[in-house]
Structures are given as structure tokens and as C-alpha cells.
Amino acid sequence: MPHSVPPIDPKDSMDHDSTLPDAPPACAEGCDTEDKDDFSGSNAVVPDQSNANVQLENLFDEDDDDDEFTSSGVSKEDVPSSSPPPSPLQVAPSAKYSDPGVMKAFYQRLFPFRYLFQWLNHSMKPSNDFGHREFAFTLQNDAYLRYQSFPTSDLLRKDIIRQNPSRFEIGPVYTTNPRDRKTLRKSSAFRPLAKELVFDIDLTDYDEIRTCCNKANICHKCWSFITMAIKVVDVALRVDFGFQHIMWVYSGRRGAHAWISDKRARNMDDQRRRSIAGYLEVIKGGAQSGKKVNVKRPLHPHLARSLEILKEHFQNDVLVQQDPWAQPDKAERLLQLLPDKMLNDALRKKWEAAPGRSSVSKWADIDALAKAGVSKHLDGKALLEAKQDIVLEYTYPRLDVEVSKKQIHLLKSPFVVHPGTGRVCVPIDSRRLESFDPLGVPTVTELIHEIDAWGPQHQDAEVEEGSKKVQDYEKTRLKPYVDYFRTHVGLLLRAEQGVKREREDDDPMEF
């Protein structure tokens, strides 16, 4: 809860309107039962360009056409005129998301291993930030392999294609190579050094207040809770703590993950992570508990700002779309959160006389009857504070704070495929939250068929024009998401270069 840790002033001013591509929505698709989205490890703004002379595009190789993204396109020099066009990927129309052939084709053709390496390595050259990083694979037979590590992106790619996991998670950077942990004389010498600060938001934690869906099911109505949560958490991380390199990632079904890659965030110990998680935690207690919001007055600036962000969502997305108090038992829950018994009795009587009364009307009834004087001893200030707490209970982010508290916690990698829905865990542009459609995120089978649908006519045009060959991901709806990731990684690398230069420029004799 706010008050548990003082805000950290941002050090750098940033322009959050950096040119990041928007990901277009697509057609919806049904859902299946979902596995747990992450595993426990024990078991807007862009950097100030004045500090860096390196152009963003120069952070990447001049020619991106390496073996990472296999391309079915060809150049004029590569193919004689008599050669047949490359054969399409052999994936049956009825293929399932978890089919080994589908997953292998995805890893070979579409997964952005290079940018994942740069994101986790914080440099173009291999370092311990990547080489001592733990990866965990869930194989097709549900075997779970922990403490996997790789010196380079190429070795990671080759092993993933060989093992063909249904998904994989990312863990911390350790003091030594995780594969060598059993060779150490002292087990205490193997410990986590760094990891991105992460947050997890899951719609199942909203089941007691969303009326449209429950469990693993989602729709556009209840996805608005994720939109609200991202808005509140993102601005708090940027404004209150000064973090800049924040990437939100769709979990593939019913939630979103935040990855904060700032060096300050990566190097935080567990105590600091717990403090930030506590700062952002407001909703406490399970479905059967009483009042879930208990905050001090006057409101902390973070909460006052959050209420300002959330008030419109409360009116439209909660009262209108969810209609949370339509049923008598739910309306009784609302009355339990109000501070005056006589007002409650008057409201109950009014609602019992009009069984079909909407939540919008019931919310308006509170002020109407209060102003009518139904309670002689009504405390107006207490009523206002109670209503603020109700807004927070029905809109404020419900975080799985345990995910954020420890360095050793593993979290699903961006761009893996969710085994239940087949959807790719793509980045979410936090500047365009309202346009993100979770049900329109492409599935792995759709992407592979889009490669096949690219067709000979495009390949012939590439040969005739002698143009740069088109990578397979560029032929699909995955392109804007990979482009977004590439831009995010470029900004992070530029900031890391700036940190390195500052260290080199420091006078070693200066204290």
C-alpha cells in the first residue's frame, strides 16, 4: 500500500511518444482451460537522447537477414530462373497449437531470438547478463527443465529448436553459470544477482467483481480491467519511481505481465522489490473477506492520481458494462461498504421495490437519498471516503504481488505461445491500450498459414527487384509486435551504452 516506501524522483526526462508501431486487432477466437501462467523460482517515456550519440538503428546489425528468421523469400542471385519456388511450410489446416511440428516451425521461422538476447543481455556482445541467465523449458511431455543457460542467442535458438518446448520461462542472472551450480564447493556461492522487476495481473483475481466471464474465460468487457490496471501501474512506475524501460506483455489468454529493465530495477534485492510491490498493493483479502480497501486519509498522491484515472472507467466499464450490483446479494455487498445504517436501510427498501434497478441507478441513489436527509446523523465526509474506497475496490489493479517480490521467480518469456489458446504472448503498446484486442492476437497456426499465403507473386517480385529479402515474420501479423520489441530493445541498449560511458568517464581517484 502507498506509504510503505518513499517515491524515488526520476533522474531523466523522457518523451513517451517515441515512434512505436501500433499492433492492429484481428478476429476473435475461443478459449480453453489455462495452465498456470508462471512458475516460482524456488521450486512513458524514452531515454534522453542528448546523452547518446548512437543512432537507434545503428544499435543493430546493418543486415538483419541472418539465420534467426528463416525466410521463404529469395534474392535474384540465389535462385536460377529455372528453380522452383520454395516449398511452403507443411502444416495441416487442422493442426493444433501444441503439435510439435507447429511449434518447431514457429521457433524456426518466427521467434525473435536476436532481440530477446539483446533485451536480456543489455549489449550487442555476449556477457554474463545472458550467459548466467536461467531459462526453464516445459517440454511437449510436460517435463520441466530448470537451470538451462546459453552463452549466445544462437545456442539458445538451436537448443529450443532441438528440444521444441511448448513454452519457456525466464529467470534471474546468477553468480555463475546455472549449469555449473552443482560443481561449486559451497551451495551458497550460487545465488541470484539480478533480474527484471516484474508484475503479473490475472483476470481470475477479478472474478468476484466481473459479471461477464469467470475463470479462464475473457471478453472485451472484462479486458477493460487489465487496461485500467496497466494505466495505473505504468504511470506509478514511471512517475513515482522514475523507471523508463517498461514493457507490458500479453500473457496469451487472461492477463498481462510488466517487465522493467532499468538497471536500478534489475539490481534491486528482494527487500526493495517487496517494498515496491507493497507500495502498489491496495486490494487485500480474498473473495470471502470484508472491506478490501483500507487506506489512510488524506489520500497518498498515488491513490489520488489513480482515482482520477479510474473514475471514468468506473462509470462506463464497471457500472454500465459489468452492472455489478444487479443481483440482490451483490447489492447487499455494496450496502456493507457504506458507513450509515439508516442510509443503508433506505437504499435497501428502494431497491427491493425496484428489482430491475441498474447499478448506475443504484450508485446515483446513494447521493440522492443522502441529500434527501434519510439519515439525521450521516457523516458526509465518511460517505465520500467510503465511495472512494468502493471505486478503488472495483477498479484498482489486483496484482499477484508474490511474482514481484523475489528475484528467483520465473516468468513466461515474451513471444512464447500459450498452449491453451495458441496465441502469441506479444508486447502491448501502453500508449494505445484502448486499441489492444486480446482476442485478436494472432495464433501460431494463423501465423504459419500467413507465411504460406504470402504466395509466389511476392517471391517473384523480390527476385525481379533484387530487393532485400522479406523475413518470414514480416509476412504475418506478428510484424508490428516484433517491430515494437525491436524499438524497445534499441532504447534499452542506448541507455545501457550511456551508463557504460559514464563509468568510463569517471575519475578513478575521485571520491
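How many of the residues of strand S2 (residues 133-138) are buried? Six of its six residues are buried, and the strand is thus described as mostly covered. Here, buried means under 20% relative accessible area, exposed means over 50%, and partly exposed lies in between, with a 1.4 Å probe and protein chains only. Helices (H or I, at least four residues) and strands (E, at least two) are DSSP runs, numbered from the N terminus.

The model is predicted: local features need pLDDT of at least 70 and side-chain atom pairs count only at pLDDT 80 or more, while totals for chains, interfaces and linings use all residues. Residues are numbered from 1 along each chain as its sequence is written, and side-chain values use heavy atoms, with hydrogens and water left out.

In a regular strand, side chains alternate between the two faces of the sheet. Both faces of S2 are covered: Arg133, Phe135 and Phe137 are buried on one side, and Glu134, Ala136 and Thr138 are buried on the other. S2 pairs with strand S4 (residues 167-174) in the antiparallel sense over five bridges; two strands pair if DSSP finds at least two bridges between them. Within this pairing, Ala136 has Glu169 of S4 as its bridge partner. Strand S3 (residues 144-148) also runs antiparallel to S2, joined to it by three bridges, and Gln148 of S3 is the bridge partner of Phe135. The hairpin of S2 and S3 has five residues between the strands, and Asp142 takes a positive phi near 75° there.

Helix H4 (residues 153-163) has Leu156, Arg157, Asp159, Ile160 and Ile161 as its buried residues. Their cover includes S2, S3 and S4, together with helices H1 (100-109), H2 (113-121) and H3 (128-131). Asn164, with a positive phi near 55°, follows H4.

The largest nonpolar core has 119 residues, and Phe106, Trp119, Phe243 and Leu280 have the most contacts inside it. Such a core is a set of buried Ala, Val, Leu, Ile, Met, Phe, Trp, Tyr and Cys residues joined through side-chain atoms within 4.5 Å. Helix H5 (residues 220-240) gives the most to this core, with eleven residues. Contact means heavy atoms within 4.5 Å; not counting residues up to four places away in sequence, Phe106 touches Phe111, Phe415, Val417, Val424, Val444, Leu447 and Ile448.

Glu450 lies in helix H14 (residues 444-453). Glu450 counts as buried because its relative accessibility is 19%. Leaving aside neighbours within four places in sequence, Glu450 is in contact with Lys475, Thr476 and Arg477.
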